[in-house]
Amino acid sequence: MRYIFFLILTFLVQPVLAEEWEDQQFFGSATSQKTLRILSNTDTRFFAPIIESFLKSQPSVSVKYLVTGSAELYDIFRTSPEDFDVVISSAMDLQFKLVNDGYALALGDLEHPDWAQWRESLFAFSTEPATIVINREAFEGVPTPSSRQDLIKALRQRPETFQGRVGTYDVRHSGLGYFFATQDARASETYWRLTEVFGSLGVRLYCCSGDMIDDLVSGKIAVAYNVLGSYALGREDAQSQIKVILPSNFPTKMMRSAFVSTNTRLPDVAGTFIKHLTGIQADISKAATFPLPPLDRTVEPAISLDPALMTYLDRLKRRTFIQEWESAIIQ
Amino acid sequence: MIEGVKISGSLRNRLTVSLIGGAAVLALLMYFIVRAYATQIAQQGQDNILGASVNSILDAANVSEGFIDVDFPYASFSMLGTDTDDRVFYAIYQDDELLSGYDGLAQIFPEVDKGSAYGNTTFKGAPVRLASASRMLVGADLRVQLTVTVAQTQDSLLGALNRIGRNVAIFGAGFFLLVVILAFWATSTAIGPLAQLTTSVARRGPQDLSPVASPVPREMAPLVFSLNKLMARLEYSLSRSEDFIAEAAHRVRTPLATVRSHAEATLLRVDKEENRQAMRSMIRAIDESSRAAGQLLDHAMITFRADNLDQKNIDLVELVQDLAMRLSPIAEMRDIELQLDALGPVSVIGDAILLQNAIRNLVDNALKYAPSESIVRLVVATTPKPSISVVDEGAGFPVGEINLLPDRFARGSNSGGIIGSGLGLTIAQEVAEAHGGGLTLNNHSRGGACVTFSF
């Protein structure tokens, strides 16, 4: 009942907040002629160093960095594509669909691995796994799970500890959450068993990785599933409270990607920005300076940039998946 | 070699151009046919994948609790991945109503369960190929026609076609080049026998009118046959004309000789001075006629032979010496000394009979016009060109007429009383011209005529 109320509340609040940014930052001189408008679902702290280094080489340019959730990002951009120059998102499927639907400008002169780009328009620039993050306190004295099966076992052994203290994405509202969930479900049936266990424990549903990590650190929840490892590891102050676990079997890895809008007013600046971004992310030696994980060029990803990404965006597929997910998680 | 022959085009060029032109047409034809065929095959490939995608979606459809559920597999779209990242669009229709996918994607509604239909259209600004298939779904209280359309842009197809097109173009160009080389080779092979025949005919001597004996290609047989026939006719006509000349000489000279001997006999028997005078005039006239007949026949013979020189290596000195010896009786009769000036043998290529005839005419003239007890010099020189000069000590040529004298039947104004036909110099000049040389007349500064026959 609690969760239904939560859901209704979320639905009501959603349209009102549509244009309310999670974060909004302006970089560079306010008097500059050209302002590059970046629409992103990535926390500003990950992008600030990249934007600042970009502005050093482009002194006449300023950057407006707008942050929103991946699903909202998709809707906002489709509604007014002319309002943005560069779109950055971790939801590969939604990014792919925007490019497939013709919203992206092709950048012919960009050197990038073939598997990390699509139509010379969509460029993947980071490899980030979905992880299990646990509160160390909750697992004191017991072995930490290293796989999804371990996690299921651990949750079932101590339901009293985890009741109401498990968190994951609300796949209905988070584009990235939905993407992780569908890819998990595609890879293994374990996902559904895990979801049922989550449901039985009264799982808390979140819109974003950030909020989940906050609650983990405070001890409000003990386990968070499918959290972006990069975000969890980015909280350097909280590493004593939390532990990031990369599931040993079939890790789900997402590639953050960017494209230039066809309606951009600054195609050259936007193109240069994408080049700058992919250049930094390709250079392992810069990993220390820039907090965003680099693009893993050693292996081709299990989830590649191809038309199959649109499969779970299909209305019927989504309806079926959400129904199944709801019936598993809301008990 | 070929002056006076009218030229109309060239067999070699005609053959080469038609071979190369044919090859160009064939190469172009090959290019278009292969390209069209490749397009068909490539399109077939894309259609197969689109059809498979459509069917995998259609197969996943089922009716559950009154709802249409189409839980199509991940592979439905992943199979559509291409090197050039072609865009993919799809639409799922329940009867005429869009259930899922892209709105506005042109629909083909193929017959239910009759396989896929294919077509081309434009969607979101890009030309796309689309496949559609339909299936009837029957539930408890539901009966709907489900239609699935999958469309894909054609970048990969066009890329493949361009690659194929480029390769075919390269092959076509190579093929064409090869044919050009072959065309030149084939043309010269085909023209070869013609050139050989030309050479063999051109190299023949003037007397050689025998048929062409060496084998020729079948196509040239009619030409060679006609040529052989022409030569046979020519030979026949030539031999007749030679016979005629001999016959004529015989027929004119013999009666004249008879008449002369009769006239001489009569002269001995006639006593009256006026009758004797008349008889002498008659004998003179007969001599003149006889000589004119001889000269005419010589001239006819020369006209014939000049066209077909019987060229041989001849020593001019020997020729002149021989001639001088033969004419020495006549010279002695007139107390004229024939003097030969030559340093050594002078070799030329020419027709001995004609040369003899020409030189004899010149020496004859000199003997006729030279005064008694004088010298007629026969000078054989080698420089600047081989030449024979006949120099006498007579009155020389009449100055105003010197250029007209070689004309036919022209006689000098100072020739009165001397027997002559007016053909001697004509004959000499024609022989000289037939040998590529000329006849020069001039008067010696110390008096006397000088005729130079040069090669």
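Which strands of chain B does α7(B) lie across? The helix α7(B) lies across β11 (375-381), β12 and β14 of chain B. These legends describe a predicted model, in which local features need pLDDT of at least 70, side-chain atom pairs count only at pLDDT 80 or more, and totals for chains, interfaces and linings use all residues. Residues are numbered from 1 along each chain as its sequence is written, while chains are lettered from A and ligands numbered from 1 in the order in which they are written.

**View 1. Five strands of chain B form an open sheet.** The strand order is β9-β11-β12-β14-β13, and the pairing is mixed. Two strands pair if DSSP finds at least two bridges between them. Strands are DSSP runs of E with at least two residues, helices are runs of H or I with at least four, and both are numbered from the N terminus. β9 (337-341) and β13 (438-443) of chain B stand at the edges with a single partner strand each, so one side of each has no neighbour in the sheet. From one strand to the next, the twist averages 15 degrees. β12 (residues 387-391) and β14 (residues 449-454) of chain B pair in the antiparallel sense over five bridges. Here Ser389(B) stands opposite Thr452(B).

**View 2. Helices α7(B) and α8(B) cross.** Their axes come within 9 Å and cross at roughly 145 degrees. Axes are lines fitted to C-alpha atoms, for helices over the stretch in contact, and angles run from 0 to 180 degrees between N-to-C directions. Among the contact residues are Leu354(B) and Leu355(B) of α7(B), and Ile427(B) and Val431(B) of α8(B). Residues are in contact if their C-beta atoms, placed from the backbone, lie within 7 Å. α7(B) runs at about 175 degrees to β14(B). α8(B) lies across β13 and β14 of chain B, at about 135 degrees to β13(B).

**View 3. Two hairpins share strand β6(B).** β5 (residues 117-123) and β6 (residues 126-138) of chain B pair in the antiparallel sense over seven bridges. Asn120(B) stands opposite Arg129(B). Two residues separate these strands, and Lys124(B) in the turn has a positive phi of about 50 degrees. β6(B) also pairs with β7 (residues 143-153) of chain B, antiparallel, over 11 bridges. Arg135(B) has Leu146(B) as its bridge partner in β7(B). Four residues lie between β6(B) and β7(B).

**View 4. The largest nonpolar core has 121 residues.** Such a core is a set of buried Ala, Val, Leu, Ile, Met, Phe, Trp, Tyr and Cys residues joined through C-beta atoms within 7 Å. Val86(A), Val87(A) and Val133(A) are among those with the most contacts inside it. Strand β6 (residues 122-135) of chain A gives the largest share, eight residues. Val133(A) touches residues including Ile213(A), Leu216(A) and Val227(A). A second, separate core of 37 residues includes Leu327(B) and Ala432(B).

**View 5. Thr68(A) sits in a loop of chain A.** The loop runs between β3 (61-67) and α3 (70-79). Is Thr68(A) buried or exposed? Thr68(A) is buried, because 23 other C-beta atoms lie within 10 Å. Buried takes 20 or more such atoms, exposed 12 or fewer, and partly exposed falls in between. Thr68(A) touches residues including Trp21(A), Glu22(A) and Asn41(A). Thr42(A) is 26 residues away in sequence, yet 7.9 Å away in space, C-alpha to C-alpha.

Notes. Two residues are in contact if their C-beta atoms, placed from the backbone, lie within 7 Å. Lists of a residue's contacts leave out its neighbours within four places in sequence.
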